[in-house]
Structure formats: structure tokens, C-alpha cells
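Good morning, everyone. Please have a look at the structure on the screen, and then I will take you through a few places inside it.

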Amino acid sequence: MALNYPMRERVLVTGGAGFLGSHLCERLLANGHDVLCVDNFFTGTKDNIAHLLANPYFELLRHDVTFPLYLEVDEIYNLACPASPIHYQFDPVQTTKTSVHGAINMLGLAKRVKAKILQASTSEVYGDPTVHPQPEHYWGNVNPIGQRACYDEGKRCAETLFFDYRRQHGLVVKVARIFNTYGPRMHPNDGRVVSNFIMQALENRPITLYGEGTQTRSFCYVDDLIDGLLRLMNSADDLAGPVNLGNPRECTMIELAQAILDLTGSRSVLVHAPLPPDDPQQRRPDIALARERLDWEPRMPLHEGLQTTIAYFEQLLRRRSR
């Protein structure tokens with residue numbers, strides 16, 4: 001007699017203990033999947049996934065994706081790579097290896113087990129863009145030998161590998177170009193602008209603006225971003241991407257700093273510092289493709305998302321002071 005057990009999809013999330021990865025693991029479990037979280041804990045932390053460890057459908061494996069991985073899964077989300085300048089410039093050679101060797105190893109696994117695979121790429125593939133906003137068909141303006149190149153070019157090479165595996169091996173691939181994302185579980189010392197400004201404001205330290213502070217970014221709340229990743233993974237096989245996922249609402253760094261000052265009631269003052277090399281002056285996604293094919297766009301207003309993020313960092317500081 002056949003046993004009719006419901007089959008859960010087995011999903012691998014590399015970088016699963018990181019900021020985005022932990023939120024993705026959480027959502028996949030809520031959607032009824034069996035989740036394997038893989039992380040080497042270079043930037044990820046067990047604190048991000050501690051609340052998931054008791055779940056019988058969640059498994060944690062310490063592993064570096066620059067080495068092959070042999071297991072059985074149905075889907076792979078490849079998020080493994082340090083994503084903030086402080087972290088990816090700490091060991092630039094390892095950053096490039098994580099993007100390139102990591103992509104090769106995960107694509108090899110997907111090919112062996114016939115799994116669908118999604119690559120978390122980045123808006124950094126556009127470099128300091130000369131086209132604004134940035135559509136997916138724009139090839140970018142990247143300095144291949146600059147300090148940011150280990151991340152920018154590593155991700156560009158990973159995209160190349162994904163599309164070559166699709167053409168050469170018929171693999172079902174998805175490539176998401178992720179723009180600035182923020183929310184709870186961001187690393188407090190990752191050097192990203194939202195976490196920087198919030199931590200400086202909460203501690204009443206000067207808020208550092210690089211250059212004149214007129215450069216722009218577009219900030220997407222983490223829950224919206226995760227929804228986009230899930231929709232892309234579950235989309236028709238012909239939609240390989242790349243697909244921009246981000247918030248098309250653009251704001252200057254001064255506007256962001258002022259919003260955080262208002263929300264925290266901080267006594268911090270604004271100070272200016274020189275612009276880092278190759279720092280993009282404008283960054284805003286064209287999300288027409290995501291709207292059309294995924295029926296996706298961000299929902300969370302910036303002020304509401306910042307309030308939730310500030311509350312997370314306040315809790316973090318309270319725990320530190322005990």
C-alpha cells in the first residue's frame with residue numbers, strides 16, 4: 001500500500017544566517033518548506049536564526065560556498081557573499097572567490113540534482129551609472145580595478161556563469177539585481193548608510209555624510225524584497241532575469257539623515273567627509289519588468305520601515321548595555 005505523505009520542497013539558502021538570508025529562511029518555513037541554511041558566519045550571525053533552530057524543518061550547516069557541497073535539494077537561493085563595503089573590502093580576493101567559485105559550486109549542485117537556482121545579484125553591477133533610473137538592459141559603468149571591483153565584478157561574473165549554465169546546460173536560473181535594502185537584523189557595524197545613520201543617531205554621535213550628501217539611493221524594506229525574491233523564484237521558467245528588485249522612490253543622503261534624526265529625536269549633528277572612491281552618485285531601479293512579470297512593487301513607506309528598523313537597533317543597544 002502506497003504511503004501518501006505530503007512532500008515538502010527542500011530549499012537551500014546560502015548565506016542564510018545573514019540579513020537577507022535569515023528573513024528568507026523565515027518566510028520559506030512559514031510557506032511550508034524544508035529549509036537548509038548554509039553559512040560560514042563571516043558576516044552572518046546565529047542571532048539572526050536562533051529563533052528558527054527549534055523548528056524541525058530547519059537545518060543549519062556551517063560551510064563556505066567556495067568549496068563544493070553535496071546534498072539533495074529542489075531549489076537553491078544563492079545569497080552567500082559579504083555585501084557591505086567594509087566587509088567585502090576586508091578580504092577582496094576572498095570576496096571575488098565567494099562570488100565566482102560560490103556560483104560555480106552552487107550551479108554545479110543545481111545541475112547535478114536538477115534544482116532551480118536563484119542568484120542574489122546587486123545594483124552594484126551598474127557601477128556609477130550614466131543611465132538613470134537603471135533598467136536591466138543597461139550594461140553599467142564599473143571600474144574593474146577599483147576598490148569596489150571585488151564585489152561589483154564578482155557579481156557580474158556570477159551573472160555570466162548563471163546565463164552560461166542556462167544556455168549550455170538548460171538549467172532553470174533566476175537572477176535578481178537587489179538594490180539597497182534595509183530592516184531589522186542589519187549588522188550594526190556593516191558600514192551601510194541606513195545602519196550607520198541609525199547607530200550614530202541613537203548614540204548621539206555625529207552623522208557622517210560623504211561628499212555634499214546630495215548623492216541618491218533608493219531604499220527597499222526587507223519584507224518587500226523577500227516577497228520579490230519568492231515571486232521571482234516561482235515565476236515561469238522563461239523569466240531568467242536579470243530582474244531589478246528595489247524601491248523606485250529616490251532620496252538624497254541628507255534627506256535620509258534628517259528623517260532618522262526626526263524619528264530618533266537625536267542630538268546628533270551632520271558632518272561631512274570625503275567621498276569614497278567610485279561611490280555612485282545616483283541609484284534608482286527601473287522596476288517595470290518586476291511590475292509586469294511578477295506583479296511586484298514595494299509597499300512599505302520609508303518612514304514606517306525606518307521606525308521598525310530603529311526599534312530593532314534600540315533593542316540591540318539595550319542588550320549590549322546590560
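This is a predicted model: local features need pLDDT of at least 70, side-chain atom pairs count only at pLDDT 80 or more; totals for chains, interfaces and linings use all residues.

**A walk through the interior**

Let me begin with Asn 244, which sits in strand 11, residues 243–245; strands here are DSSP runs of E with at least two residues, helices are runs of H or I with at least four, and both are numbered from the N terminus. Residues are numbered from 1 along each chain as its sequence is written, and side-chain values use heavy atoms, with hydrogens and water left out.

Is Asn 244 buried or exposed? Asn 244 counts as buried because its relative accessibility is 0%, where buried means under 20% relative accessible area, exposed over 50%, and partly exposed in between, with a 1.4 Å probe and protein chains only. Its side chain reaches the backbone oxygen of Gln 134 at 2.8 Å. Asn 244 also touches, leaving aside residues up to four places away in sequence, a set that includes Tyr 126, Arg 177, Phe 179 and Trp 296, and contact here means heavy atoms within 4.5 Å.

Now to helix 5, residues 193–202, which is mostly covered, with nine of its ten residues buried. Among those buried residues are Val 194, Phe 197, Ile 198 and Met 199, and what covers them includes strand 7, strand 8, helix 7 and helix 9. After helix 5 comes Asn 204, whose phi is positive, near 55°.

If we return to Tyr 77, which residues does it touch, not counting residues up to four places away in sequence? Among them are Val 11, Leu 12, Leu 24, Leu 118, Leu 229 and Met 233.

That is where I will stop, and I am happy to go back to any of these places on the screen.

Methods. A polar contact is a pair of N or O atoms within 3.5 Å; within protein, one must be able to donate a hydrogen and the other to accept it, and residues adjacent in sequence count only if both atoms are side-chain atoms.
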